[in-house]
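Welcome! Take a moment to look over the protein shown below, and then let us walk through it together.

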Amino acid sequence: KLTVEDLPLSGKKVLMRVDFNVPISDDGTKVEDDNRIVAALPTIKYVIEHGGKAILFSHLGRIKKEEDKPAKSLKAVAERLSELLDKPVKFVPVTEGKELEDAINELKDGEVLLVQNTRYEDVKDGEYVKRESGNDPELGKYWASLGDVYVNDAFGTAHRKHASNVGIATNMPGKAAAGFLMEKEIKFLGDAVDNPQRPFVAILGGAKVSDKIGVIDNLLDKADKIIIGGGMAYTFYAAKGIKTGDSLVEKDKIDVAKKILDKAGDKIVLPIDNVVADKFDNDANTKVVEGDVDDGWMALDIGPKSVEEFKNVLKDAKTVVWNGPMGVFEKPNFAKGTLEVGKFLGTLNDATTIVGGGDSTAAVKQLGVADQLTHISTGGGASLTYLEGKALPGIAAISEK
Ligand code: 3PG
């Protein structure tokens with residue numbers, strides 16, 4: 001694939017798609033987590049240091065009606081980006097028309113401009129028309145006409161086929177390149193899945209099996225072991241005939257879980273014991289039980305024996321991919337399993353440890369173990385799609401070298 005280093009940049013209008021879809025305060029005035037903005041800095045800096053005029057596009061949240069717009073403005077993001085770059089960032093509050101075109105034409109080499117939320121195009125005159133998220137061909141063509149070259153650094157959005165990623169790229173054949181973040185994400189996730197150093201262990205968690213079936217299917221052939229924790233483990237319990245009490249179980253997925261277990265042999269590792277609670281509350285009564293969970297109790301975290309077993313499986317791993325927490329980590333009394341697994345991953349100095357997916361990323365950051373891991377993906381849905389082995393339209397649209 002073409003990369004930003006292959007493009008002419010000096011004096012060029014460089015259209016850039018970044019993923020600045022970041023948590024923001026309800027009133028839209030404050031960026032609450034700037035991780036994704038920080039992750040895009042190397043490419044932005046490279047472009048402006050090489051004399052390019054950086055014209056940034058991103059979405060923020062979802063816009064379905066006119067009233068959604070004010071709280072989803074990128075203005076606060078422009079301010080945060082300006083602080084991080086330590087230079088002014090021009091912000092244009094519109095996504096098309098003269099105001100935008102004039103701002104672009106006035107840009108000097110090395111300057112940065114952020115265009116308003118691309119999903120403002122999804123609602124026109126009060127109607128939900130999905131021009132951006134439906135990849136309206138006219139919109140991609142229009143945006144492409146505003147620049148000389150295109151850099152896509154929005155890995156987090158790569159599973160979407162939208163006008164600002166796929167649309168612009170297809171209208172700039174031979175000039176649509178990947179940014180450094182995009183390259184890094186593809187390298188880490190791609191190597192892990194397609195060319196892993198072995199043993200390769202996947203850790204899957206989170207509430208629902210239904211979200212992870214594609215990932216399990218794809219990884220069953222590729223990983224040496226798949227550790228399953230979190231709420232989804234109890235649908236597998238049900239498939240094995242272990243009692244689940246009031247734990248989360250997706251009844252309509254028990255059969256799928258059975259088929260997976262039949263196919264997997266001993267590849268899948270389930271929790272041995274669990275922290276169970278008498279209600280879904282941090283202050284619930286709790287106890288640790290092995291196997292069967294009685295009625296009136298729900299499993300909300302993995303127990304200490306499970307942690308030891310998981311560590312045992314992980315200790316010789318050379319590649320680990322982690323997606324999804326081991327318990328209800330947002331509640332401190334049920335965070336221990338996730339924390340212990342995360343801390344242990346941090347000690348695996350010979351392994352490449354990769355975290356993908358919104359919840360697990362939030363978990364490792366909240367628990368303070370992120371710095372010890374090799375790569376924390378900026379993608380939620382995008383890394384899941386990648387782990388499912390599916391093509392990502394945003395990446396497919398980038399020009400070949
Ligand atoms: C994400 O956060 O996963 C991406 O920015 C995509 O956002 P979306 O799910 O609203 O398309």
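## A well-covered helix

Let us begin with helix α5 (residues 163-170), which is mostly covered, since seven of its eight residues are buried. Keep in mind as you read that this is a predicted model. The buried residues of α5 are Ala163, Ser164, Asn165, Val166, Gly167, Ile168 and Ala169.

What lies over these buried residues? The cover includes the strands β1 (13-17), β2 (53-57), β7 (149-152) and β8 (176-178), along with the helices α4 (137-145) and α14 (393-396).

## The overall picture

Now step back to the whole protein, whose secondary structure comes to 14 helices and 17 strands. Its C-alpha atoms fill a box of roughly 65 × 45 × 35 Å along the principal axes. A compact globule of 401 residues would have a radius of gyration near 21 Å, and the protein has 23 Å, which agrees.

Buried residues make up 49% of the 401 residues. Among contacts with a separation of 6 or more, 72% are between residues 24 or more positions apart.

## Two domains

The domain assignment gives domain 1 (4-181) and domain 2 (188-387). Their C-alpha centres lie 35 Å apart. The contact takes 10 residues from domain 1 and six residues from domain 2.

Which helix gives the most to the side of domain 1 that touches domain 2? That is helix α1 (residues 35-49), with three residues. By class, this side of domain 1 has four nonpolar, four polar and two charged residues.

## Around the ligand

The ligand is surrounded by Asp19, Asn21, Arg62, Gly156, Thr157, Arg160, Gly380 and Gly381. This shell divides into no nonpolar, five polar and three charged residues.

## Positions marked in UniProt

An unreviewed UniProt entry places the feature "binding site" at Lys212, Glu330, Gly357, Gly358, Asp359 and Ser360. Let us look at two of them. Glu330 lies in the loop between β15 (319-323) and α11 (336-346), while Ser360 lies in helix α12 (residues 358-366).

Is Ser360 buried or exposed? Ser360 is buried, because it has 29 other C-beta atoms within 10 Å, and 20 or more are enough to count as buried. Glu330 has 14 C-beta neighbours inside 10 Å, so Glu330 counts as partly exposed. Leaving out residues up to four places away in sequence, Ser360 touches Trp322, Asn323, Gly324, Pro325 and Val355.

Methods. Residues numbered from 1 in each chain as written. Predicted model: local features only at pLDDT ≥ 70, side-chain atom pairs only at ≥ 80, totals over all residues. Domains from an automatic or database assignment. Contact = placed C-beta atoms within 7 Å. Helix = DSSP H or I, 4+ residues; strand = E, 2+ residues; numbered from the N terminus. Nonpolar A, V, L, I, M, F, W, Y, C, P; charged D, E, K, R; others polar. Near = placed C-beta within 6 Å. Rg over C-alpha atoms; globule rule 2.2 N^0.38 Å. Buried ≥ 20, exposed ≤ 12 C-beta atoms within 10 Å, placed from the backbone. UniProt positions renumbered as here; feature names shortened; annotations may be inferred.
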